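Hi,

Here is the structure I said I'd pass along.

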Amino acid sequence: MSATTTNSYEAAKVATPAKDDGGLWGYLRNYGQRVRGGDMGALPAVLGLIVLSVIFSVAQPSFFTAFNFANLLTQAGPIVVIGMGLVFVLLLGEIDLSAGYASGVCAAVLAILLTTHGFPWYVGVAAAVVTGVVIGLLLGFLVAKVGIPSFVVTLAAFLAFQGTVLWLLKEGTNISVRDEVIISLENEFMPPMVGWALGALTVLGFATTQLIQQRNRRRRGLPALLWQVVAFRVIGLAVLVGLVVAVLNEERSRNALFSLKGVPIVVPVVGVLLLLWTFVLRRTAFGRHIYAVGGNREAARRAGIAVDRIRISAFVICSAMAAVGGILAASMARSVDPNTGGSNVLLYAVAAAVIGGTSLFGGKGRVLDAVLGGLVITMIINGMGLVGWSSAYKYIATGIVLLLAASVDAFSRRRSAASS
Amino acid sequence: MGTPLLELRGINKSFGPVQVLRDVAFTVHPGEVTALVGDNGAGKSTLVKCIGGIYPIDSGEYLMEGKQVHVHNPRDAASHGVEIVYQDLALCDNLDIVQNMFLGRERRSGMILDEPTMEQLAQQTLASLSVRTVKSVRQRVASLSGGQRQTVAIAKAVLWNSKLVILDEPTAALGVAQTQQVLELVRRLADNGLAVVLISHNMNDVFAVSDRIAMLYLGRMAAQVKTSDVTHSQVVELITSGRSGALGLAEEGAAA
């Protein structure tokens, strides 16, 4: 027995020298190891996107058109944005079941201010987001300070907000939104040149930050990514962005009288939110502390982190993002009714985060997950609609996909526990 | 033998009617490993928590480097260079080694985390402790072995220019080889000039690395001696009965 332990000790010693570069091949091998060790990252979502597009394109050729692609992106908007907020709550190992109806409440506030009282759009948007912040403060307070499990708090809020929307909308009237700025979010497109310029800016910005980061690391003698890997990433992003912009800049109108082309306005809106929250999570102490609280609350407390404050702020971010999602939903429907943010919006948003790779157990996840997962979910809804399957199948398929994603999550957790 | 780094005199601590520490004296010297031993309930953990500022002391003197200080909370203790490595290691599995070592005290430039500096400092700290068993400081803590995790927890304590590192049963959950690694690390800390307090139930560990042994018996300091001056069985006797020959507490019966 002691002989074997001594051997493993020796083995550990031999394996110590740090291997920082094995070339591009070594990088890929490392990635393969991580995936097998249970850290799959975006892989399931990306594979899902590819498989779904192939299936739907074969089943219904109109799926694979620029027209439908633009549709898909606008449809994904609200789900993706609400999912981004949920990532913060999920990172703590909590859940917010009320995010859907919270978005409904905020959308109702927006619609009432704009349509009933005639305020300008920015007042309505500000009021909706402030409503979201207040909702988040309340939920966070009940969870962190009073100590009620988030499942119960937000289930109660789910019911209460459903009622609030009804009350705000006077028992079910439908308030239409006519403000041009709000409507344009989900219904207008950028001029092709602007699309190209923003796309180029995105790639350039990404390349610059990558280059600066890696050069800094090299200068300090820290292990850095190979230039080939950096180039691979930048070129990959450039190709992706280029393809998306090129497809969306095609003429989609079948009517010769008016033109329909350009990147939907919602795309840069989601892009800015993605950048903002990714920066917060990855580059600030606040983001680090969110991961720490989600990973080991006691360790975070002992490290001097104000755990309660972190938990409350996660709920605030979640509800504020739900407000933004509600604004997008109002824009898409051009109106707000008692069903805005209701029915399956919340489940779609949770599914988006989880399918993208955010763990339900806390401590693992990225804002990008909500974008990728949201696209998968939207693709299912959109594709099945085009193929002509009934809602019954849509619900069943979405449920199965969510379960699949949760299984991948549970499985990778087991994997990484076993590999340690 | 110079000024002790930490000197406690006449420490008393009660929880309600229960007096857990009774007139305890305790000294720790820089460059030495002081083992703190005692049976369950003897007051080891309470004494450590008093040193770390988690429990305020009821009465007694707390001197650092010969000067009296007042320690009311963990922050005070940390400002005097006292770091405690608890038994349950208080690491976040989902974060990597660097992130754990700087948790709650992240280096920033402006609003942004200064990752390269933190990574460099973490590497330097591990190198100064001659830790070679860690492949990359960007590894997740979840992927580390028990001994490596203990190493990270200790390195985290050392990172903050600490003068006194208190280790609460660092080898309790480890296998033979890993125990050896951690004990070597403990010895190296002292050889680097730090004062180290090692709480342990394992007499082999205690005799392997300590310079002095302090024995608590029912909330009192039975004896504090040089490790080379006592035998294994004397220490066991002191732990279990509070006295051994000329060493230890005076006979209770004589006073009564």
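**The sheet in chain B**

Chain B has an open sheet of six strands, in the order E6-E9-E10-E3-E11-E12, and the pairing is mixed. Bear in mind that this is a predicted model. E6 (82-85) and E12 of chain B sit at the edges with a single partner strand each, so one side of each has no neighbour in the sheet. From one strand to the next, the twist averages 20°.

Two helices are worth a look here. Helix H1 (residues 44-51) of chain B packs on the sheet and touches E3, E6, E9, E10 and E11 of chain B; its direction makes about 150° with that of E9(B). Helix H8 (residues 232-241) of chain B lies across E3, E11 and E12 of chain B, at about 25° to E11(B).

**The hairpin**

E11 (residues 212-217) and E12 (residues 220-226) of chain B run antiparallel and are joined by six bridges. B:Met215 has B:Ala223 as its bridge partner in E12(B), and B:Tyr217 stands opposite B:Arg220. Two residues separate the strands of this hairpin, and B:Leu218 in the turn has a positive phi of about 45°.

**Where the chains meet**

The contact takes 33 residues from chain A and 27 residues from chain B. On the chain B side, the elements that give two or more residues are strand E8 (112-113), helix H4 (115-128) and helix H6 (176-191). H4(B) provides the largest share, three residues. By class, that side of chain B has 13 nonpolar, eight polar and six charged residues.

Cheers

Technical notes
Residues are numbered from 1 along each chain as its sequence is written. Chains are lettered from A and ligands numbered from 1 in the order in which they are written. This is a predicted model: local features need pLDDT of at least 70, side-chain atom pairs count only at pLDDT 80 or more; totals for chains, interfaces and linings use all residues. Two residues are in contact if their C-beta atoms, placed from the backbone, lie within 7 Å. Helices (H or I, at least four residues) and strands (E, at least two) are DSSP runs, numbered from the N terminus. Ala, Val, Leu, Ile, Met, Phe, Trp, Tyr, Cys and Pro count as nonpolar, Asp, Glu, Lys and Arg as charged, and the others, Gly among them, as polar. Two strands pair if DSSP finds at least two bridges between them. Axes are lines fitted to C-alpha atoms, for helices over the stretch in contact, and angles run from 0 to 180 degrees between N-to-C directions.
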